[in-house]
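Q: I am new to this structure and would like to learn how to read its features. Please take them one at a time.

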Amino acid sequence: MTAHLRAILEYESDFWVLAGATFLTQVVNLVFLSAIFARVPTLRGWSYWAVVTMFGLVALTEGVGSFFFEGTWRVAEAINKGTLDYMMVRPYPVVLQLTSSEIGINGLTNMLAGSIMIGVALAKADISWSAERVLLGLVLLISAIIIKLAINLATNSVSFWLNSPSAMFATAIHQVGELAKFPLTIYPAGLKVALGVIIPFAFITTFPVGLLLQTGPVFWLGLLTPVVAVYCLTVALAAFFNGLRRYESAGN
């Protein structure tokens, strides 16, 4: 990963253009959100700063996935080209070789932008901070990151059962995850089930933010965020290793 980062930074203009574009995307998101709240005071009881926290969590979790685990999005390519063969004979876990095989430099900017949004939003929110509340926030943040990484790995692992050389299924699910930027309560019942149970994106944003800010009708569900993180990671690793067992190299 360090070598790959050094290679990327050899092209400084490319780095700054990509970093600037990624940061500008987050600014546009905030402008869009501000335009909404200029018309309505709250979204089903959720304040502007609560939703900014959700936007920040999406950016931060995506940033961690891109910067440290961009290789997760290369599962389909590795299967199609047979490059998994090399990884399988090396004395290092295949899943770690593959997921860390590339760095998405845009993830660095997303992590920065997401951290700023979360920090400013929590400073503006009416929270009585204590050591216990800080610890809770850290646990929820780490759990949200794990859930995002696990969803990425699980959806990309579907490529073992598909014949496509691209991560179409994972990309589609990733786009669905953009809905998690807004509170789950604004969506109809079908989407609530999809985002809260089937593919638990709501445990990246709505439920942990609701628990931390004591907002929402079922904010107590945020207590399940670490449990959901363990569940998602278990499912993701099971999907990957089951797929790896059926891998027959390219051309078979």
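Q: Is Gln214 buried, partly exposed or exposed?
A: Residues sort by relative accessible area, computed with a 1.4 Å probe on protein chains only: under 20% is buried, over 50% is exposed, and in between is partly exposed. Gln214 has a relative accessible area of 44%, so it is partly exposed. The model is predicted, so local features need pLDDT of at least 70 and side-chain atom pairs count only at pLDDT 80 or more, while totals for chains, interfaces and linings use all residues. Residues are numbered from 1 along each chain as its sequence is written, and side-chain values use heavy atoms, with hydrogens and water left out.

Q: Where does Gln214 lie?
A: Helices are DSSP runs of H or I with at least four residues, numbered from the N terminus; strands are runs of E with at least two. Gln214 lies in the loop between helix H11 (206–213) and helix H12 (225–245). Its phi is near 55°, a positive value in a residue other than glycine.

Q: Which value of phi does Arg44 have, and where is Arg44 placed?
A: Arg44 has a positive phi of about 50°, although it is not a glycine. Its place is in the loop between H2 and H3. Arg44 counts as exposed, because its relative accessibility is 62%.

Q: At what angle do H2 and H3 pack?
A: Axes are lines fitted to C-alpha atoms, for helices over the stretch in contact, and the angle between N-to-C directions runs from 0 to 180 degrees. Helix H2 (residues 12–37) and helix H3 (residues 48–69) pack at about 155°, with their axes 11 Å apart. Under 35 degrees is roughly parallel, over 145 roughly antiparallel, 65 to 115 roughly perpendicular, and the rest oblique. H2 and H3 are therefore roughly antiparallel to each other.

Q: Which residues of H2 and H3 meet?
A: Contact means heavy atoms within 4.5 Å. From H2, Gln26, Asn29, Leu30, Leu33, Ser34 and Phe37 meet Tyr48, Val51, Val52, Phe55 and Ala59 of H3. These residues divide into 8 nonpolar, 3 polar and no charged. Here Ala, Val, Leu, Ile, Met, Phe, Trp, Tyr, Cys and Pro count as nonpolar, Asp, Glu, Lys and Arg as charged, and the others, Gly among them, as polar.

Q: How many aromatic pairs does the structure hold?
A: A pair of aromatic rings is described by the distance of the centres and the angle of the planes. Rings of Phe, Tyr and Trp (its six-membered ring) pair if their centres lie within 6.5 Å; planes under 30 degrees apart are stacked, over 60 edge-to-face, and the rest tilted. The structure holds 9 such pairs. One of them joins Tyr48 and Trp49, edge-to-face at 4.9 Å centre to centre with 70° between the planes. Tyr48 is partly exposed at 21%, and Trp49 is partly exposed at 28%. In another, the ring centres of Phe240 and Phe241 are 5.5 Å apart and the planes are at 85°, so this pair is edge-to-face. Phe240 is buried at 0%, whereas Phe241 is partly exposed at 34%. Phe160, Trp161, Phe240 and Phe241 form one aromatic cluster.

Q: What does Leu5 touch?
A: Leu5 lies in helix H1 (residues 2–9). Not counting residues up to four places away in sequence, Leu5 touches Phe67, Ile103 and Ile105.
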